[in-house]
Amino acid sequence: MAAPALRELQEAFWRSLTRVAATGERPPADPALLAVLSSPPPLAPAERVRIYADMYYLRLLDVLREGFPRVCALLGEEAFERLGGLYLARHPSTDPSVRHVGGAFAAFLGTEPVPAYLADLARLEWARLEVFDAPDAPVLTLDQLRAVPPGDWPGLRFAPVAALERLVTAWPVHRIWQDESATAAAPARTALRVWRQGFAVYQTAMEADEERALAGLVTGRTFAAVCEAFDAPADAGALLLRWIEDGIIARAW
Amino acid sequence: MDDFPYLGHGIGLRTKHFPRVLDGSLAVDWLEVISENFMIRGGRPLAVLEKARAAVPVVLHGVSLSLGSTDPLSEGYLRALGDLVARFAPAWVSDHLCWGSVAGRHAHDLLPLPFTEEAVALVAGRVRAVQERLGRRILVENVSSYLTYTHSTMTEWDFLTAVAEEADCGILLDVNNVYVSASNHGFSAEDYLDGVPPERVGQIHLAGHSDKGTHLLDTHDGPVIAPVWRLYRRAVERFGRVSTLAEWDDRIPELEEVVAQAECARRIESEVCSEVQGGRARSA
């Protein structure tokens, strides 16, 4: 039998590593690969391929486990491994950095017969990962704000820092994230912001007025327009101070 | 090789020991980091690397360049690697003599190549392209393997040497990987060392592995075992003083235990080099 070209060999190797997309089952090693493997004892060629296939899954499951620790804990190890295997079969890594391998995991969970809050919880965990290594950027300081003449405040515009994610979930997943026994909670529309301050990642639920105000700020509306989200102007001022303390907004002037 | 100066004995920097970088209590000759872990936009890892780099020489060690892949080199990856090189000015850059991606999908593993002229030409061409892109020579590392191909036409060490010669790159010789593959495939680890050209070896790796009964697995989850230390001694006898690094990637212990591996390597190197000097003095 003629030796396969390197391309054919690598494609056969890949087919032997990955599971069947429809079922998550492990396929037998590809015959085109087995045909060109030496088989000194004690391992048969298929057993040698199995070493690689096992390592492939264990490594990537570990990455998912680290990225989605709460989802993993709530699913339980057995279900997590089964779903993780199916996910990886359907969404193989397409980036040289393994950091991105879980990017479609939340959407995948949304299509699987698992508790409905898990997809939202995965979105929160992914948002935390996105924020963890988001770009560093200068944040707005109180001194910078104090330097602005009061008459100029209504026209001020702010920008969100890169290390800020907003998401709306159908479940109060911030509570489930903190306390796994909170899975008994009823579904409830929840607006969350996730941000990094220093090296630490934080998250909080937003009331409706904060959600509206932050949405306005992100889209470049003036401070005066942002204040319209509130009944009392003092509430807008208090919120602005809180955003500054949290380090989630930057100067846009 | 001038491109790969002697740095002494270092360790691979892992997340568990980031606090020791930040509090300034990490004392080693030099550090190696996994390039891909720093191909990010900001946050703690990059701040840690800034601080580490300010203290000691740092080397970028990649796992996803996929030098043996039949896919095109990833433009995005090369750009990210170039950005890291520009920002952190590593002492050098290295990656593995293997493949890890095909048809745009990444295994994130170090998969074995057949030792053929086709593979030599492919890998050497890609190493040259990377070197031109980075404007510097790189080191290419031998990997542990668990299978071999019937259509290989040369030994692994001849393959490694052929790639290094044809690409004009350096060799990162992983002594543990030599031991693991020698055991798994039944060749002589000593023959391997004897077949590697000393002038190409710019760095040595040391790590622990696991004995699975039917094969050795390159797990990096324990200390270097005695036979690998003996092989390292032989490597120092052949290659002389080469920058040496202890890797520990799983079940990572306290920093001091990892550093102790580097210090053990330092003692062996010191013993070998003083023996050589003593021998020279006696024969003078």
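**Figure 1. Helix 4 meets helix 5 in chain B.** B:V120, B:V123, B:A124, B:V127 and B:R128 of helix 4 of chain B are in contact with B:F159, B:A162, B:V163, B:E166 and B:A167 of helix 5 of chain B. As with every view here, please keep in mind that this is a predicted model. Helix 4 of chain B covers residues 117–134, and helix 5 of chain B covers residues 156–167. Their axes come within 8 Å of each other and cross at roughly 40°. The crossing of helix 4 of chain B past helix 5 of chain B is right-handed.

**Figure 2. Helix 6 meets helix 8 in chain B.** Here is another helix pair to explore. Which residues of helix 6 of chain B meet helix 8 of chain B? They are B:V175, B:N176, B:V178 and B:Y179, and on the side of helix 8 of chain B the partners are B:P227, B:V228, B:L231, B:Y232 and B:A235. Helix 6 of chain B runs over residues 175–185 and helix 8 of chain B over residues 226–239; their axes come within 9 Å and cross at roughly 120°. That angle makes helix 6 of chain B oblique to helix 8 of chain B. When helix 6 of chain B passes helix 8 of chain B, the crossing is right-handed.

**Figure 3. The barrel of chain B.** Eight strands of chain B close into a barrel, with parallel pairing. To follow the barrel around, take the strands in the order 1-2-3-4-7-8-9-12. On average, neighbouring strands of this sheet are turned by 30° against each other, direction ignored. Strands of a sheet pair through backbone hydrogen bonds, in either a parallel or an antiparallel sense. For a closer look at one pair, find strand 8 of chain B (residues 170–174) and strand 9 of chain B (residues 201–206), which are joined in the parallel sense by four bridges. Within this pair, B:L172 stands opposite B:Q203 of strand 9 of chain B.

**Figure 4. Chain B as a whole.** The C-alpha trace of chain B spans about 55 × 50 × 45 Å along its principal axes. How many of the 284 residues of chain B count as buried? The share is 49%. Looking at contacts in chain B between residues at least 6 apart in sequence, 78% join residues at least 24 apart.

**Figure 5. The open sheet of chain A.** Three strands of chain A form an open sheet in the order 2-3-4, with antiparallel pairing. Strand 2 (164–169) and strand 4 (200–206) of chain A are the edge strands, each pairing on one side only. Neighbouring strands in this sheet are turned by 20° against each other on average, direction ignored. Helix 7 of chain A, residues 117–132, lies across strand 2, strand 3 and strand 4 of chain A, and runs at about 175° to strand 2 of chain A.

**Figure 6. Strand 3 of chain A and its two partners.** Is strand 3 of chain A largely enclosed or open? Six of its eight residues are buried, so strand 3 of chain A is largely enclosed by the rest of the structure. Strand 3 of chain A spans residues 190–197 and is joined to strand 2 of chain A by six bridges, the two running antiparallel. Across that pairing, A:V168 stands opposite A:A191 of strand 3 of chain A, and A:E165 stands opposite A:V194. Strand 3 of chain A also pairs with strand 4 of chain A, in the antiparallel sense over seven bridges. On that side, A:V194 stands opposite A:Q203 of strand 4 of chain A. The hairpin of strand 3 and strand 4 of chain A has two residues between the strands, and in it A:G198 takes a positive phi near 65°.

**Figure 7. Chain A as a whole.** Chain A holds 12 helices and five strands. Its radius of gyration is 25 Å, whereas a compact globule of 253 residues would have one near 18 Å. Along its principal axes, the C-alpha trace of chain A spans about 85 × 40 × 25 Å. Of its 253 residues, 36% count as buried.

Terms used. Residues are numbered from 1 along each chain as its sequence is written. Chains are lettered from A and ligands numbered from 1 in the order in which they are written. This is a predicted model: local features need pLDDT of at least 70, side-chain atom pairs count only at pLDDT 80 or more; totals for chains, interfaces and linings use all residues. The radius of gyration is taken over C-alpha atoms; the globule rule is 2.2 Å times the number of residues to the power 0.38. A residue is buried if 20 or more other C-beta atoms lie within 10 Å of its own, exposed if 12 or fewer, and partly exposed in between; C-beta atoms are placed from the backbone. Two strands pair if DSSP finds at least two bridges between them. Axes are lines fitted to C-alpha atoms, for helices over the stretch in contact, and angles run from 0 to 180 degrees between N-to-C directions. Two residues are in contact if their C-beta atoms, placed from the backbone, lie within 7 Å. A crossing is left-handed if the near helix is turned anticlockwise from the far one by less than a right angle, and right-handed if clockwise. Angles under 35 degrees count as roughly parallel, over 145 as roughly antiparallel, 65 to 115 as roughly perpendicular and the rest as oblique.
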